[in-house]
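Open the model in your viewer and keep the selection tool ready. This tour moves from one stop to the next and tells you what to select.

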Amino acid sequence: MLVDVSLTIPAGQRVLLAGPSGAGKSTLLRAMAGLLLTADHGELSGQVLVGGREVNETPGRVGLLLQDPLAGVVAETVGRDVAFGLENRLVPRDEIWRRVASVLAATGFPYPPDHPTAALSGGETQRLALAGSLVLSSEVLLLDEPTSMLDPASAQLVRDAVRRETARRGTTMVMVEHRLEPWLDFADRLVVIGRGGELVADGPPHEVLNREGASLAAQGVWVPGLPTPELTLVEPGLVEPGLVGFPTCQGISPGAAEAIMTADGIRVTRRASLTGSRGTQIVALDGVDAALRQTHALAVTGSSGAGKSTLIAVLAGLQKPTAGQVTSADHLAPSRRRGRERRPWKWRSLELGSRLAWVPQISESGVVASTVFDEVMATSRALGRDETQASRRADELLEALGLRHLRAASPYHLSGGEQRRLLLAAALVHGPQGLLLDEPTVGQDRATWAAVLGCIASAQSAGAAVALATHDLEAVTALAADRLRLEHGKAA
Amino acid sequence: MARLPDEDSLVRSHPRSTLDNVPSEGRAASAANDVPSGIGPLALLGACLLPVLGAFAIHAAHVGLWGVGAELLALGWLARDPRGSLKLLAFGILAAISIAVSTYLYGGRHLDESAAAALRIMYIVLPSALLTPVIRPAELGDHLAQRLHLPARPVVAAVVALQRIDSIGEQWRQVQQARRARGLGLDGGVARRFKGSASTAFAVLVVAMRHTGSTAVAMDARGFGAATARTWAGPAPWRWGDSLVLCLGIGLALLPWLM
């Protein structure tokens, strides 16, 4: 994974760690925190010293923010979660709550300490995890894509908080990021890991980028100042909607493209229970209208917690609306004894799987098979598609998304960005009419970003209807998507 | 727990400006530590466990009936989560019925004896069904460590594990959602459903295990691995209500013996 990487980081230095998706950035970060031994597979050699001593012998000096914020939640309420590290450091109770309140304010966290952690969205959980790391004022802070799930405004807030907190204390910082631009004037050093896990560049950010910008961009690094990469389109046959007996829209002009799914006045409420209390009612969506149109893309944007994922799940037939209607086009609806069933949340799993595809925000819970190849084939097999034909498509899609070499690997051993691409391949391979994607571009480097959006755009122009929840405005532009901005569960 | 502020609209309509929601220190502490009933988790746990001692003395149906009635009176007012309690109670009732039926069929067909056997089970199950949904893991941890002085590390590990149990329901939902979208969901005939449930359970298990690994890393990253002692963000007060509930528990342990 990583090959002979040696770094000496002076105290107080702020290092940006970049490199292509799957290069081993997160692994290196874990190694630096002295946490590689505990929960990983593979072989490890080498050592990490902090101030001349083994990192494991000097606990508490290094703080780490993991890439998957959900796994980092250790308490039922926001306050107790942030307090966790302080408790371990023997901070007295009064001081704990003072510091919890101040760090929540500093990171712009919108809820009080007694808010249940189960009620947070992905982006909010990410900010909570950051607050939990910052509150410890460690000497060394390691951050793994701390803003990957945030909208631009929240990301700015988080960047400001990180700058302020680390500058105040002279914290040494190593941060993994794909998007370098916002951090450039803050970082002292840019370290780039190559595709083979080797060190390919190291130096002051501007110098490194000036000297090796072109070659780094070719390796997938988001070199600031370069234009958005060209999408890597795939052959339409590979992603064309292929439901038997369903009219594809060839020859239909984009303006006349038909809505395959319409949502009217959608309201979704749910309960987030704290054990021992009756729970809090959450209004995730309130009176939202949306439509999925063939050859069109709908980009659902808005700050974290605005209801983006819920709307995508409603359109994907995975969430029953509390009020309002979500209905499919008549010819897409499966037949029942009493006519056609147009409500997608009533569809049987096979009916749903053959018509719509969904890529979840948290990739790990979306894994259904034990190898990458079987993962991509799962739906085609369930639908009884021709194995040879399906496996040809599967392999070509894996190739297009840069995963072919991982064909026999376990989906759980992939990096965050790779897992996301895998689930996209698994969603596209059987040719669904509608593609519902939750943050499809998170964790992607320049090249894989172009590949991901290339696949989506190809499916779109081949006749699929696309909706994506995203905060990636370049992706919205690249797909020429219609925009629907949500704010607190309402269209803004 | 003090009621969450304006419970209906708490989440989405909470003011988002950063200044508005810096809580006062006192509120933060109390919000994290009061149970709706105002009774601490140790007394509640005591009231769950003590009646078990009384169950041994239930030898006739009338003792059992009086006992279960007394339990409802003594502990019913502490229940806060009727749905959760009913769910737990359903399991208890199922167990009680099966014991009663087998006692009746194989124990000489004595109606009174089999009713007593069933009521013995109910006497044990009822307090837990009423009270365990009220006990919050975090608070239980605070009290176990600070009041009973149990070692900190196992207590924290247990609290995190208890919270995980809660999140397994959510994980089940997520995994099932993903499987449904992929055409592998639970519908169709009984056999298919059964097979689907098994795969879902397996997937949830895998995700839970992987999460546990990552959570361990995240906990260590926040200094848990190195901490031999720790402080507790929540206090563990013992109030007069706790003494009262504990006395009720002792009373329920004695009652069947005195009848």
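Select helix 3 of chain B: Pro41(B), Leu42(B), Ala43(B), Leu44(B), Leu45(B), Gly46(B), Ala47(B) and Cys48(B) are buried there. Buried means that 20 or more other C-beta atoms lie within 10 Å of the residue's own; exposed means 12 or fewer, and partly exposed lies in between, with C-beta atoms placed from the backbone. Helix 3 covers residues 41-49, and eight of its nine residues are buried. Helices (H or I, at least four residues) and strands (E, at least two) are DSSP runs, numbered from the N terminus.

This is a predicted model, in which local features need pLDDT of at least 70, side-chain atom pairs count only at pLDDT 80 or more, and totals for chains, interfaces and linings use all residues. Residues are numbered from 1 along each chain as its sequence is written, while chains are lettered from A and ligands numbered from 1 in the order in which they are written.

Next, pick Leu140(B). It sits in helix 8 (residues 137-146) of chain B. Is Leu140(B) buried or exposed? It is buried, because 22 other C-beta atoms lie within 10 Å. Leaving out residues up to four places away in sequence, Leu140(B) touches Pro41(B) and Ile135(B). Touching, or contact, means C-beta atoms, placed from the backbone, within 7 Å. Then find Ala236(B): it is 96 residues from Leu140(B) along the chain, yet their C-alpha atoms are separated by 8.9 Å.

Zoom out to chain B. Colour domain 1 (41-136 + 238-258) and domain 2 (148-221). These bounds come from an automatic or database domain assignment. The C-alpha centres of the two domains lie 31 Å apart.

Move to chain A. It has 14 helices and 19 strands. Its C-alpha trace spans about 70 × 55 × 40 Å along the principal axes. Of its 492 residues, 59% count as buried.

Select strand 1 (residues 14-18) of chain A. Five of its five residues are buried, so the strand is largely enclosed by the rest of the structure. On one side are Arg14(A), Leu16(A) and Ala18(A); on the other are Val15(A) and Leu17(A). In a regular strand the side chains alternate between the two faces of the sheet.

Which strands pair with strand 1? Strand 6 (residues 172-176) of chain A does, in the parallel sense over four bridges. Strand 7 (residues 189-193) of chain A is also parallel to strand 1, joined by four bridges. Pairing requires that DSSP finds at least two bridges between the strands. Click on Arg14(A): its bridge partner in strand 6 is Met173(A). Then click on Val15(A), which stands opposite Arg189(A) in strand 7.

Go on to strand 15 (residues 356-359) of chain A. Leu356(A) and Trp358(A) are buried on one side, Ala357(A) and Val359(A) on the other. Strand 15 pairs with strand 16 (residues 434-438) of chain A, parallel, over four bridges. There, Trp358(A) has Leu436(A) as its bridge partner.

Last stop: Cys455(A). Leaving aside neighbours within four places in sequence, it is in contact with Val234(A), Val239(A), Ala400(A), Leu401(A), Leu424(A) and Leu428(A).

Terms used: Contact = placed C-beta atoms within 7 Å.
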